[in-house]
Amino acid sequence: MKYRPILASLILALVLFVFPLSAQAASSSSVTNSIVNKGVAGKDFSGQSLIGIEFTSVKLENTNFSNADLRGVLFNGVMLDGVNLHGVDFSQGIAYLTKFENADLSDAVFTDAMMLRSVFDQVNVTNADFTNAILDMVQVKKLCINASGINSKTGVDTRESLGCK
């Protein structure tokens, strides 16, 4: 009677050793709402709710996201050249390995956003709120050069939210 659990364990171990379970790989795009290279460059997403959408390895040149709800959105390896992000709410969003070039980030909310390894070249951050956003220090210094204004939604000073000196 006291050997029954030990015997059951040995039989289970033998079965799993002889007939192992196959491992199956999964990607986050198979379980989330993801846009991967689907020809969305230049589209008009202005004013739309795109909460939690993932944009992965896609070029979004000249795409209009103005006043869109981008809370929790993921930009992973995305080219955002000439993109209009005026007035967006990108709270708790992630922009990793993303290139913002000639983009309009004015009056946008980036609170608690994770924006590491992203590049900001010639962007407009007037009235943007970066409170508790995490950016590479080199990029913060670059943004501070032209940072100014107060965000219309949060009332936060752009320079203070970036920690400009």
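Helices (H or I, at least four residues) and strands (E, at least two) are DSSP runs, numbered from the N terminus. The model is predicted: local features need pLDDT of at least 70, side-chain atom pairs count only at pLDDT 80 or more, and totals for chains, interfaces and linings use all residues. Residues are numbered from 1 along each chain as its sequence is written, and side-chain values use heavy atoms, without hydrogens or water.

Select Asp107, in the loop between strand S6 (99-101) and strand S7 (114-115). Asp107 counts as buried because its relative accessibility is 11% (buried is under 20% relative accessible area, exposed over 50%, partly exposed in between; 1.4 Å probe, protein chains only). Lys153 lies in the loop between H2 and H3 and Asp107 in the loop between S6 and S7, so the pair ties together parts 46 residues apart in sequence. Lys153 is partly exposed, at 46% relative accessibility.

**Second stop: helix H2 and strand S8.** Select Lys142 and Asp121, which form a salt bridge with their closest N and O atoms 2.8 Å apart. Lys142 belongs to helix H2 and Asp121 to strand S8 (residues 119-121), so this pair links parts 21 residues apart in sequence.

Lys99 is partly exposed at 28% relative accessibility, and Glu101 is partly exposed at 22%. The structure holds four salt bridges.

Note on methods. Salt bridge = Lys/Arg side-chain N within 4 Å of Asp/Glu carboxyl O.
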